Amino acid sequence: MKLFVATDVHGSAYWAKRIVEEFKRSKSDVLILLGDVYNHGPRNPFPRDYAPMKVAETFNGIADKVVAVKGNCDSEVDEMISEFPFVPQVIVPCNGRRLYFTHGHVYNKDNLPTLSHGDILFYGHFHRNEIVEANGVICVNVSSASLPKDRAAYCIVEDDGVTLCALDETDSEGAKLLGFSTSKL
């Protein structure tokens, strides 16, 4: 199974469209959104083309392939306009490991959930790109699509590893590796 992971769209219709374009181009099976899908949050500026209802229309167009993890800016109202589920976290078994997907405001590299050596924790929230190891757990922080503190990104998860890719505004040829990847799962 090939997973496409994006996070922190914060209501940007532009970036939602770019995510769906890259998702389709990647031929991934599932799009996992790691929270903060519609709301920009009180500490963030409005992102480019802020239009939460257009974001809903974009992701609802592929709702059968979307799972959203609830972030700190997501609410019950967000769930009402979405044709896909919002869940507290997603846990996927993969080749003897657990892949744990969360938003990051509770569990992250500094506050790990109960995981085993070699398991992988995916999160957003901090709007930065990083793959590090903490207590034997691989921690993958995927940057915000719309309000990155470094570079907008998404993540591809396959049997041959985890790769962080740039989500560029003008890139119509597909992903650019950000230099972060893991070995085979």
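What follows is a chat about this predicted model.

Q: OK, rings next. How many aromatic pairs are there?
A: The count comes to 10 aromatic pairs. Take Phe-101 and Phe-122: their ring centres are 4.5 Å apart and their planes sit at 15°, so that pair is stacked.

Q: Where do Phe-101 and Phe-122 lie?
A: Phe-101 is in strand 6 (residues 97-101), and Phe-122 is in strand 7 (residues 120-123). The two are 21 residues apart in sequence, so the pair ties together separate parts of the chain.

Q: Is Phe-101 buried or exposed? And what about Phe-122, buried or exposed?
A: Phe-101 is buried, at a relative accessible area of 0%. Phe-122 counts as buried too, with 0% relative accessibility.

Q: Which residues form an aromatic cluster?
A: Tyr-38, Phe-59, Phe-84 and Phe-86 form one.

Q: Tell me about Tyr-38. Where does Tyr-38 lie?
A: Tyr-38 is in the loop between strand 2 and helix 2. Its relative accessible area is 2%, so Tyr-38 is buried.

Q: How far apart are Tyr-38 and His-10?
A: In sequence, Tyr-38 and His-10 are 28 residues apart. In space they are 4.8 Å apart, C-alpha to C-alpha.

Q: What sits over the ring of Tyr-14?
A: That's the charged end of Arg-48, which is 3.6 Å from the centre of the Tyr-14 ring.

Q: Switching to helix 1. What span should its 14 residues have?
A: Helix 1 covers residues 13-26, and at 1.5 Å a residue it should span 20 Å. Its end C-alpha atoms are 20 Å apart, which agrees.

Q: How many of the residues of helix 1 are buried?
A: 10 of the 14 are buried, so helix 1 is largely enclosed by the rest of the structure. Among the buried ones are Tyr-14, Trp-15, Arg-18, Glu-22 and Phe-23.

Q: Where is Asp-36 found?
A: Asp-36 is in the loop between strand 2 (30-33) and helix 2 (52-60). At 2% relative accessibility, Asp-36 counts as buried.

Q: And Asn-95, what's its phi?
A: Phi of Asn-95 is near 50°, again a positive value in a residue other than glycine. Asn-95 has its place in the loop between strand 5 (90-94) and strand 6.

Q: Is Asn-95 buried or exposed?
A: Exposed: Asn-95 has a relative accessible area of 53%, and the cut-off for exposed is over 50%.

Q: Last topic, sequence against space. How far apart are Val-5 and Ala-153?
A: Val-5 and Ala-153 are 148 residues apart in sequence and 9.2 Å apart in space, C-alpha to C-alpha. Val-5 lies in strand 1 (residues 3-6) and counts as buried at 0% relative accessibility.

Q: What about Val-162 and Tyr-50, how far apart are they?
A: Val-162 and Tyr-50 are 112 residues apart in sequence, and 30 Å apart in space, C-alpha to C-alpha.

Q: Where is Val-162 found?
A: Val-162 is in strand 11 (residues 161-166). With 0% relative accessibility, Val-162 counts as buried.

Definitions and conventions
Residues are numbered from 1 along each chain as its sequence is written. This is a predicted model: local features need pLDDT of at least 70, side-chain atom pairs count only at pLDDT 80 or more; totals for chains, interfaces and linings use all residues. Side-chain values use heavy atoms; hydrogens and water are left out. Rings of Phe, Tyr and Trp (its six-membered ring) pair if their centres lie within 6.5 Å; planes under 30 degrees apart count as stacked, over 60 as edge-to-face and the rest as tilted. Helices (H or I, at least four residues) and strands (E, at least two) are DSSP runs, numbered from the N terminus. Buried means under 20% relative accessible area, exposed over 50%, partly exposed in between (1.4 Å probe, protein chains only). A charge sits over a ring if NZ of Lys or CZ of Arg is within 6 Å of the ring centre and within 35 degrees of the ring normal. The expected span of a helix is 1.5 Å times one less than its number of residues.
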